[in-house]
Amino acid sequence: MQIRKIIYGLALSLCLAGTASYAQSYTPTPVTVSREKVKVNGKIFYSHVVLEKQTLYSISKAYGVSIAEIKAANPSIDEGGLRKNSIILIPATATASEVREENTADAVVTKEKENKRETEPGKRTYVVRWFDTLEGIAEKFGVSPESLAKENGISDGKIKARDVLVIPEEVETVDAPAPVVKDKVEESLSPAEETEERFPIMFRKNHLEIALVLPFKAKSASPSTSALDFYSGVLMAVKKLSSEGININLKVFDSSDSVNPLELKKCDFIIGPISPEDISRTCEMAGDVTVISPLDPRAAALTSRYENLIQAPTTHTAQYNDLIQWIIEEHTPGDRIVMVKEKTARKETGTAEMVELLNLRGIEYKTLSYSILEGRDIIEKFRETACPDREMVVGSDGKKSIVWKPDGRVTRFLIASESEAFVNDVVRNINLLSHENNRLEIYCPSKVRGYDIEASSLHDNNLHVSLAYWIDYDSPQVIDFVKAYRALMNTEPTQFSFQGYDITCWFANHNKEDLLQMNFEFKDGSRNNGGVKRIVYRPGFKIERVK
């Protein structure tokens with residue numbers, strides 16, 4: 001089945017009027033003299049990335065140095081030989097500089113910068129790292145970005161890893177630009193408008209070069225079905241966009257094999273890979289090209305390190321934050337909020353985040369903490385928090401007893417746990433209360449949808465969930481997609497198929513109406529997607545999406 005899907009996917013890619021090409025294997029490009037130089041032990045070297053089928057002979061000829069000089073600068077070559085994607089040092093000789101001058105217009109500027117740094121001893125210098133910005137370096141040394149740029153002949157504000165910057169001694173006084181007065185419409189951009197301001201290169205283009213980098217494991221006995229499903233969804237998006245006049249050249253790479261850095265740098269943006277380790281390597285290889293993390297929420301932490309990385313999957317923190325915001329939006333005076341936590345559970349990141357977020361909002365709530373080992377007697381604690389009013393009644397036998405008196409107010413239970421056993425027990429107790437004329441609603445992390453919990457208990461108590469993915473199979477767009485997918489792929493689409501389709505459609509065309517299971521929202525300069533979908537389980541086994 002897996003091999004059939006590979007063959008079918010490749011066949012489809014060739015049928016899309018030349019809009020897609022498979023690039024797992026490629027014709028090696030000639031050796032090009034690197035743009036990047038480093039200084040090691042007082043000597044200047046070119047930093048060269050070794051590509052597939054390059055040899056010491058071809059590299060030495062391109063740089064105008066001998067094989068012996070390359071080996072002397074890289075002792076590891078004698079032990080392991082040249083390795084694909086490894087970085088080696090090439091002595092910066094006069095011949096290599098001449099080749100560099102022929103290949104790039106800024107060679108003279110680069111050479112002048114280096115001569116200036118070498119001939120002015122005592123000057124402070126700084127080697128640029130891949131996560132640095134001009135403004136960040138300026139702040140680090142207490143100088144202005146303008147003076148730093150002027151000192152180093154930087155006119156476009158761009159810097160690259162391994163650049164050596166000279167730090168000016170004094171901060172130059174720069175006249176501050178006149179404040180820009182914006183009207184009210186400009187000050188309140190919609191999430192879509194704000195995102196387009198941040199990523200303009202991806203929108204409104206009739207031709208796009210896109211790279212798809214996924215762990216297909218095509219050479220193994222068990223290719224990745226999830227990667228193939230994602231790829232199939234991308235192909236569906238390419239087909240749709242091509243019918244709308246957007247020509248896409250799709251280059252597909254298997255991240256479990258070698259990836260050509262030069263091919264990546266020619267693209268408008270890159271979708272993939274999946275693991276944080278592979279994403280880090282791809283971001284470094286891609287240079288200034290935007291990399292879109294497509295599947296792993298854990299990769300969100302990498303956006304603080306790589307300025308060219310965008311996180312497509314919504315993080316759990318964003319989902320928790322929206323769930324808390326949802327409670328606040330629906331809260332009315334007199335309603336009660338009860339946070340339920342497991343007393344003896346190990347510390348859960350999700351629980352801590354929900355507690356912190358609720359505390360930051362400054363809203364009043366009660367905490368109900370218990371262990372499932374306390375048994376069925378815990379129902380009394382639920383009654384006390386959900387309906388604190390009680391009264392004394394005398395039975396026909398003359399015996400006195402205390403009963404709880406429902407007051408008609410809504411009690412919203414926030415289950416701050418992702419333990420399936422504990423969540424199941426909480427829902428069971430809440431469901432018991434709901435039969436005593438109490439008005440109850442449940443708010444819970446999205447993982448609850450995969451738990452083995454009686455569905456009627458969730459629907460009868462209006463379960464509220466903020467989640468990253470949800471597919472409405474009754475919507476016309478989803479119905480059309482499923483029909484087309486079945487016809488082309490001869491199988492059913494999976495969540496990965498929808499994911500590949502959504503990401504490609506949104507970043508290639510920024511058309512919100514095309515999305516099937518995701519939302520995209522980038523606020524306050526963040527490159528982590530904060531888009532969520534809100535759904536409510538209603539009585540009668542209905543699931544309703546809240547806009």
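Me: Which strand does strand 19 pair up with, and how many bridges join them?
Reply: Strand 19 (residues 533-538) is joined to strand 20 (residues 542-546) by 5 bridges, and the two run antiparallel. Keep in mind that this is a predicted model.

Me: Okay. Who stands opposite V536 there?
Reply: That's E544, over in strand 20.

Me: And how many residues sit between the two strands of that hairpin?
Reply: There are 3. In this hairpin, G540 takes a positive phi, near 85°.

Me: Let's zoom out. How many helices and strands are there in the chain?
Reply: The protein chain has 20 helices and 20 strands. It has 547 residues, and 46% of them count as buried.

Me: What share of the contacts with a separation of 6 or more is between residues 24 or more positions apart?
Reply: Those pairs account for 65% of them.

Me: New topic: helix 20. Why does its length make sense?
Reply: Helix 20 covers residues 495-509, so that's 15 residues. At 1.5 Å a residue it should span 21 Å, and its end C-alpha atoms are 21 Å apart, so the two agree.

Me: Is helix 20 mostly covered or mostly open?
Reply: Mostly covered, with 13 of its 15 residues buried.

Me: Now salt bridges. How many are there in the whole structure?
Reply: A search finds 18. One of them joins E209 and K251, with their closest N and O atoms 3.8 Å apart.

Me: Where in the chain are E209 and K251?
Reply: E209 is in strand 7 (residues 207-214) and K251 is in strand 8 (residues 247-254), 42 residues apart, so this pair links distant parts of the chain. Both E209 and K251 are buried. They also belong to a network of salt bridges with E263 and K266.

Me: What about R383 and E380, how far apart are they in their helix?
Reply: They are 3 residues apart in helix 16 (residues 379-386), which means about one helical turn separates them. R383 is buried at 18% relative accessible area, while E380 is partly exposed at 39%.

Me: Which residue does R486 make a salt bridge with?
Reply: E492, again with 2.6 Å from N to O. E492 is partly exposed at 42% relative accessibility, and R486 is partly exposed at 43%.

Me: E492 again... which residues does V482 touch, skipping its close sequence neighbours?
Reply: Leaving out those within four places in sequence, V482 contacts Y473, E492, P493 and F498. V482 belongs to helix 19 (residues 476-489) and is buried, at 8% relative accessible area. The C-alpha atoms of V482 and F498 are 9.5 Å apart, with the two residues 16 apart along the chain.

Me: Last one: where is S232, and is it buried or exposed?
Reply: S232 is in helix 11 (residues 225-243). It counts as buried, at 5% relative accessibility. Beyond its neighbours within four places in sequence, S232 is in contact with Y485 and M489.

Methods. Residues are numbered from 1 along each chain as its sequence is written. This is a predicted model: local features need pLDDT of at least 70, side-chain atom pairs count only at pLDDT 80 or more; totals for chains, interfaces and linings use all residues. Side-chain values use heavy atoms; hydrogens and water are left out. Helices (H or I, at least four residues) and strands (E, at least two) are DSSP runs, numbered from the N terminus. The expected span of a helix is 1.5 Å times one less than its number of residues. Buried means under 20% relative accessible area, exposed over 50%, partly exposed in between (1.4 Å probe, protein chains only). Contact means heavy atoms within 4.5 Å. Two strands pair if DSSP finds at least two bridges between them. A salt bridge is a side-chain nitrogen of Lys or Arg within 4 Å of a carboxyl oxygen of Asp or Glu.
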